[in-house]
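Hi,

Here is the structure I said I would pass on to you. Have a look at it first, and my notes come after.

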Amino acid sequence: MKFNRLIILTAVAALGVSACKKDYLNRDPYGILDEGEFFKTDGAGLKMLTSCYQPMADGWGYTVNKVAIMDESVDNADAGGSDPGDRPQTTEVGRGRPLSSNALLNETWSNRYRGIGKCNQALAGYQKEGANLVQNGVKVSAETLARYIAEVKFLRAWYYLDLVTVFKSVPLITAVEDPSVRKPKASIEELRTQIYSDLDEAINSPHLPRLASMSSATEAGRASKDAALTIKARAALFFAGLMENAQMQGDAKADYELARVATEDVITNGNLSLLPDFNDLYRGDYKVGPFSKEVLFGVLRNYDPAFGMGGDAFAIMNVGRNNVGGWGGNTPTRDLASSFDSRDPRKMLTIISHEDIFLASNGSNEVHNYKGYFNDFNLQHSRKAFVPQQYRQNNDLQRSNWQPYWIRYAEVLLINAEATVKTGGSTVTALDRLNQVRRRAFVTTVKKDGPAVYRQFAKDLKDITDQEFNTTYAITSSDDVLAAIKKERRNELALEGFRLYDLIRWGTYVSTMKTFYTTYGFADKGRDVTDKSWPFPIPQVEIDRSNNVLVQHDNYL
Amino acid sequence: MYKNRISITLMLILTIGFMHAFARGYSQKVSLKLTNANLKELMTQIQKQTGYDYLVSQKLLNSVDRINVNVEQKDLEVVLSKCFEPLGLSFEIRDKTIFIKHKTQKSAVADISTRVQQQKISGTVKNNQGLPISGVTITVSGSTAATSTDEAGSFSLDRVTIGQSLSFSIIGYLSAQFKVQNYDALSVVLEESVKGLDEVVVVGYGTQRKRDLTGSVEQISGKDLKSMPVRNATEALQGQAAGVQITSTGGSPGTPPAVRIRGIGTVNDNNPLYVVDGLPQSDIGWLNPNDILSMEVLKDASATAIYGSRAANGVIMITTQKGPQTGDELTNLINFDAYLGLQNPVKVYDMMNATEFMDYKNLANTNAGLPAFFSEENKKEVLQFLKSNTGSTEGTNWWKEINQKDAVIQNYDIAVSGGMKNLSYRTSLNYLDQEGIIQGSNYDRISFRTNIEHNLRSWLKFSANIGVVSEGRGNVLEGSPGFNTAFIAFVADPISPVYRNNLQDIPDFLKAGLFLDRIDPNNPWSMYSPILMTNKENPVAQTEIYKNNRWKGKAIKGGGSVDVKLTDWLRFRSNIGVDLSTGVSNSFTPKYYLNGNQFNSDATVGVSNSKTDYYVWENVLSLDKRWEDHYVTALVGTSAEQWKSESSGASKQGLVSNAESQWIIDAASINPQASGSKWESALNSYFSRIFYSYKDRYMVTANFRYDGSSNFGKDNKWGAFPSVSAGWNFGEEGFARNLNWLSSGKLRASWGRIGNQNIGRGAYLTTYSGNQGYYYFGQYNPQLSGGSSSIGNAAIKWEKTEQMDVGLDLSFLDRKLDVTLDYYKKTTDGMLLNVPLPNYLGYSNSPWSNAGKVENKGFELAVKYTNKIGEFGYSIAANAATLKNKVLSLGGGEPIPGGGWISYTTTLTEVGMPIGYYYGFKTDGIFQNQAEIDNYVQAGAVPGDLRFVDINKDGVINSSDRTNIGDPFPDLTYGLNLGASYKNFDFRVLAQGAIGNDIMNIVKIDMKSGVGWYNAPKELMSDAWSPNNPSNSQFKISSSNQSNLQISDWLVEDGSYLRIKSVQLGYTLPKHLLRSVNNLRFWVSGYNLFTFTKYTGLDPEIGSNSPLSMGVDQGYYPVAKSWMFGVNLSF
């Protein structure tokens, strides 16, 4: 009997030992790759490039966020939404004294740095494994790799420019850092150098193509030399403005010249043009605009569930509530409406009024009702955000091709005009560029909102001939050209993410918002704006996470 | 002979804990070779060889030692005489029981009396499950007559006089007295007792006598968990064990509660480990509470360290009921238990009706300088509209619309148990069906469990158990702050109707918002009305849609073990446990459009399947040896555990019809989607324990466990977890024996280290992915993105918790009063933490690291008093625990903000503070007038606004003024358990509560925002500040109220409460009314009947699975109170 027991014990012990194999505890997760494996996979190089664009496809973190900061926190629009408790972070920035815990600012910060991180990872990967990349079974050529690198550098500069317009000085990260590294803020001058350096490398790369030479069928949405030049000009205007306002060191005129030269290059060599009809940009079908010679850069959108692709959150967030079916965000101000010339069709094509009527897909009328939510004061919504029913799949606001245009040729012309004036260049040239934008609006744009049945702002519109334009609406050298350019920028680029950037660089943010508060006072917009409002505070959480290496801006201490 | 015998004694000690074995017709010749043995050893040997039982006073048993005997095959009586003579003892053998007394005492058997009236009385003794109890000592008052029961529980006593009392006693049961009134056969039922030092408790990989325990272990009897309308036995544990805090995480049936033993040691997983008959589990929601024999909560490191790697949050051992192994013939018992209950919410908010809501919304607008929203004309139109369509102008009460009034809970349980010597079984079948108080949220469970034990040979025992569980759970939207069903049912406006078809008298200004053109006459889902005035979903539509999403789980949980007795003192046990579970979630979302907040463009049908297979294999060699005053038990063992899991899901859209017959993927036409995942993990462990006691007075225990986990990288897989503890039964020291009032006393102290490995798998790896979603290039050509997906930390290793415990167990007044007091200090070091990296480094994740240090310390007190006066028996048990939680370090990382409400930060975890303390602005009343504002620093305030305190006194109110505004940890948690019985009635009250914790009532930020957007409680209009109502607690009503809507102490309330958890009254039918029925009891019970609290939300009991949002009231599914009616029947 004892013998039996011994047998059982021995057998069990033997089994026990054999079961506990050496690799019993090695259970790596499935479906993951390590670095070495990843770069050997087909298409790894292009995938890394794509990942650098991807933070811009985050509807909340990028599209909604960028327009909220740039337009809804200043005089172009209010936050809107269901009630004052709906995304209160936007209204808080609009008052002019956001807390460092503000979620909107934190969102900007983390989204843009996510993009920068992706860019740094891609550049490091290309450096290390660039020679071993394979695409569609074929080794990736040095030329293709050079184009990838140029695009990544463009994108890194793009994200940094976004940060600089909001926070002015931020940590400068240009490599994949060890997780233990903590960085202080870089100065605005250092950031300027970095942004120019990245953009110049992109611009000077022989492998970054001109937009006109890119296939819109396969390459629309990717960076081009023209986009890089425009962003350089956009950045240069900003830095020049800060220099003029003693917000940073440097020669403002030199930077205006950089902007002029860059845009001149696009105008002369880009083979680009404005769409004759402004309607083609924002009608809602997004069939023409995204692939036109006017749009230099944007994030393409199409509802395609097979690839997990949906619409941009912007397209339901910033549309009227009630019967319109949106969530009521982004309500253009009365001030923006009154800034338009009543004959300017862009007023109609930028702002929808309460009780405007659009055609519903079943042929009935959709009477827009903007009452009863956080829009009772303005009673307006953005036409640029609105996709009429006929352009949505299944009448679903999340199933449209609505997309943001982040660089349009109109901006190129306006930058050139402004930089020309600022550098003492030819007024004729400046006026030509400015009036190209105005003529498109006043003369060649159809004075009707196609999908609409009734538009309040259509009532003052009429067809304008070239002759009438030249005598009445064109800006002439006797006008205050700079003021005209500023007004034109507001009207042309309203609600597209430019207004705060413009007000800051013009040094008119404080005065504009103070006036705005006195005039309207709604939701206390502008109430706390002083010269200490901008740059906006660095997110507290980032300061906390940096072991006090990163310090808050003086104006928020 | 020996071959066919069974080591019953051991097994009983293992299972129930009787000291006494049972007489059988075995040899009356004995062979003994003992030197310096004590009486117990002698008698144990004799018992083993003869099967005779013995009865001796505890005092005698413990005091007699130095017995020397060396005999071969001698007659029992001869041997006993030889042994006892020099010790001054005498004995008598009656009914196969040896009675031992001091010689000086009177004869153990009553002198023959000459009293004429004396007659014979006989009867049976059973336990409350109707099973016979053998070995019960029966003594007669005023006489030395005594006997004990045989295997069938039968006894007979000669020469008993009317008026004398019979006393029935046996260890493990409460003793009982009966006055003899006639000579009819007696039928006695003894209640199991949880008293006595010789009671055995279940500990890791074995059992221990309570007297030998050196760790902190609390035992809860299964019957204390019965008859409560709970799915999960852990809910019934609430208030019954000191230091065990159980909070509901939502009232919907099937929601597991948050169970926290001795505080929160980590910001990660704080759930204890459950071990069900040896099978480790992470949750026991599947287990039928009626199957539970006992639950042991292992609290300190000494008790838990044997489970090292998984024990940092404590261990709850669950032993399920087994059949009896007695008698030569197979006996059986059938138990039937059933109850039916009706559930209703503990409390609901009283929200405004249509008229009040319109006035409120208008006031909010006019106070903000906007025109009133509803004109007088509008108001009339709305009321007419409501009257025409609902027959009343009250408007829609959304809560009433989704409430399942008198929601039924029903539970049926049949258990069959049986056995004879060497073989026993118990099988139970249970069906639980619980409707939720919100429609569609029902839960049902069918569970089946069988336990078998068979002694194959005298040295070989086989046991097996198998549980089969099938669960189903309906779905309502929960845990989604601001949008969950319960919350929206309170805040949706009362003007919106439930349905929009066939509406009459629709006011023009509301017409467009109803989207009447979106009604599809063939689609009932399109008939619901959108919510007109808020951004919420129609609660009725939401419930109707969610209820089509049903989760079904099936699991087989079983195990088998063999016990091999190698020698009398050495045993080997090998145990295999298996848990195979599968889950299926079916979902269907119809095509419908109510408005922009609630629509679905394509009907979608989906299914997801998951399966997890878990195996555990344990081998334990254990030693149990006593010589003279020394007693040693020891074990060494190995354990290997492995999880393998897979899941897959698919969905498709474009069903041609919403009809239920079409709810399969093949009936859908577009957008096929699929997903799938797979993972594995494993643990390998070596463990050992050694226990030594000297004279049963001085005890030490040491545990050591060495664990390897697949969750860590190759150099950090293994962790060592030691513990040591000591105990001193000072009650048995000479000085204490003279204290009559002290029955026993023990002092315990322990120290140990235990671990936690609950982090994401593969946290040690830096990974890349070539599949990170798409981006469009060109005319909508999807381009795949890829790159670095996660950075790991190769150095990640075990989180370690050190725990120190000092305890005192006292028993007074013949064990009627038991007191246990513990102090503990528990420090978690190297807390597994995702120390958040600055976003500017651009990583997509924060890698895990061993960064934090958290301390929990507190006192625990448990007091129990049991007594019986005549036919009135009663017991009072109370427990209380204090807890101080403090973060000692976050590894240099910044404070961790916690959420809990959309984008708000509500809690902070930082060094020097409790985990997840409430973080926000302090307020100091409300600005009453402009002058107050002018004298203060708060920009933009207007009269009626909250006044925020400038904490840092820098002259501005900004985010640096946020501070500690509350502590979610109670200072004291307590439970009170009162039981009483009188004749055939029994009564029980269970109360529990907490003192000193705060609750963040964050639903106020919407419900009482005053902006006129959400519906509000009726009292808001009268409570709110206005120039004529200078409130200092509720700010003004205004649609531009934004600055008041910060996280501030305005939201924080005292969360102390006392809850009468359960009240139960039972009546057992007198035996003489019953024939073949063994026991029949009816009961009525109320659950959650009364709650005493100052908290203004629905329920002060707010749990959270995340320690970072503890006590944040997000508008959870309300908790139910129930009335129940039940029956217990056995035959």
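This is a predicted model: local features need pLDDT of at least 70, side-chain atom pairs count only at pLDDT 80 or more; totals for chains, interfaces and linings use all residues.

Let me start with the cores. The largest nonpolar core has 158 residues. If you want to find its centre of contacts, go to Phe154(A), Ala228(A), Ala236(A) and Ala259(A), which have the most contacts inside it. Helix 7 of chain A, residues 142-167, gives the most to this core, with 15 residues. There is also a second, separate core of 90 residues, and Phe373(B), Leu510(B), Met533(B) and Met1007(B) are among its members. Back in chain A, which residues does Ala236(A) touch, leaving aside those up to four places away in sequence? The list is Asp255(A), Tyr256(A), Leu258(A), Ala259(A) and Ala262(A).

Next, the annotations for chain A. An unreviewed UniProt entry puts "domain: SusD-like N-terminal" at residues 104-235 of chain A. That span is 64% helix and 3% strand, and its end C-alpha atoms lie 22 Å apart. UniProt also has "domain: RagB/SusD" (again from an unreviewed entry) at residues 326-556 of chain A. Here the span is 39% helix and 10% strand, with 36 Å between the end C-alpha atoms.

Now the contact between the chains. Chain A puts in 104 residues and chain B 90 residues. On the chain A side, several helices supply at least two residues each, including helix 1 (2-19), helix 3 (44-53), helix 6 (103-129) and helix 22 (540-545). Helix 6 of chain A gives the most to that side, with 11 residues. By class, the side of chain A that touches chain B has 44 nonpolar, 34 polar and 26 charged residues.

Helix 3 of chain A deserves a separate look. How many of its residues are buried? The count is 10 of its 10 residues. They run from Ala44(A) to Tyr53(A), and the buried set includes Lys47(A), Thr50(A) and Ser51(A) as well as Leu46(A), Met48(A) and Leu49(A).

Over to the sheets of chain B:

- One open sheet has 3 strands in the order 9-6-12, with mixed pairing. Its edge strands are strand 9 (154-160) and strand 12 (186-190) of chain B, each pairing on one side only. The twist averages 30° from one strand to the next. Strand 6 of chain B (residues 119-127) pairs with strand 9 of chain B in the antiparallel sense over 5 bridges, and Ile121(B) stands opposite Leu157(B) in strand 9.
- Another open sheet has 4 strands in the order 8-7-10-11, with antiparallel pairing. Strand 8 (146-148) and strand 11 (176-179) of chain B each have a single partner strand, so one side of each is left without a neighbour in the sheet. Neighbouring strands here are turned by 20° against each other on average, direction ignored. Strand 10 (residues 165-169) and strand 11 of chain B run antiparallel and are joined by 4 bridges, with Phe168(B) opposite Ala176(B).
- Strand 16 (residues 244-247) and strand 17 (residues 258-261) of chain B also run antiparallel, joined by 4 bridges. Val244(B) and Ile246(B) point one way from strand 16 and Gln245(B) and Thr247(B) the other way, yet all are buried. Gln245(B) stands opposite Arg260(B) in strand 17.

Finally, some backbone details. Where is the cis peptide bond that joins Trp534(A) to its proline? It runs from Trp534(A) to Pro535(A), with omega near 0°, and Pro535(A) lies in the loop between helix 21 (509-519) and helix 22 of chain A.

Asn271(A) has phi near 55° and lies in the loop between helix 11 (252-269) and helix 12 (279-282) of chain A. Is Asn271(A) buried or partly exposed? With 13 other C-beta atoms within 10 Å, Asn271(A) is partly exposed. Glu628(B) has phi near 45° and is found in the loop between strand 31 (604-627) and strand 32 (630-653) of chain B. Glu628(B) counts as partly exposed because there are 14 C-beta neighbours inside 10 Å.

Cheers

Terms used:
Residues are numbered from 1 along each chain as its sequence is written. Chains are lettered from A and ligands numbered from 1 in the order in which they are written. A nonpolar core is a set of buried Ala, Val, Leu, Ile, Met, Phe, Trp, Tyr and Cys residues joined through C-beta atoms within 7 Å. A residue is buried if 20 or more other C-beta atoms lie within 10 Å of its own, exposed if 12 or fewer, and partly exposed in between; C-beta atoms are placed from the backbone. Two residues are in contact if their C-beta atoms, placed from the backbone, lie within 7 Å. UniProt positions are given in the numbering used here, feature names are shortened, and annotations may be inferred rather than shown by experiment. Ala, Val, Leu, Ile, Met, Phe, Trp, Tyr, Cys and Pro count as nonpolar, Asp, Glu, Lys and Arg as charged, and the others, Gly among them, as polar. Two strands pair if DSSP finds at least two bridges between them. Axes are lines fitted to C-alpha atoms, for helices over the stretch in contact, and angles run from 0 to 180 degrees between N-to-C directions.
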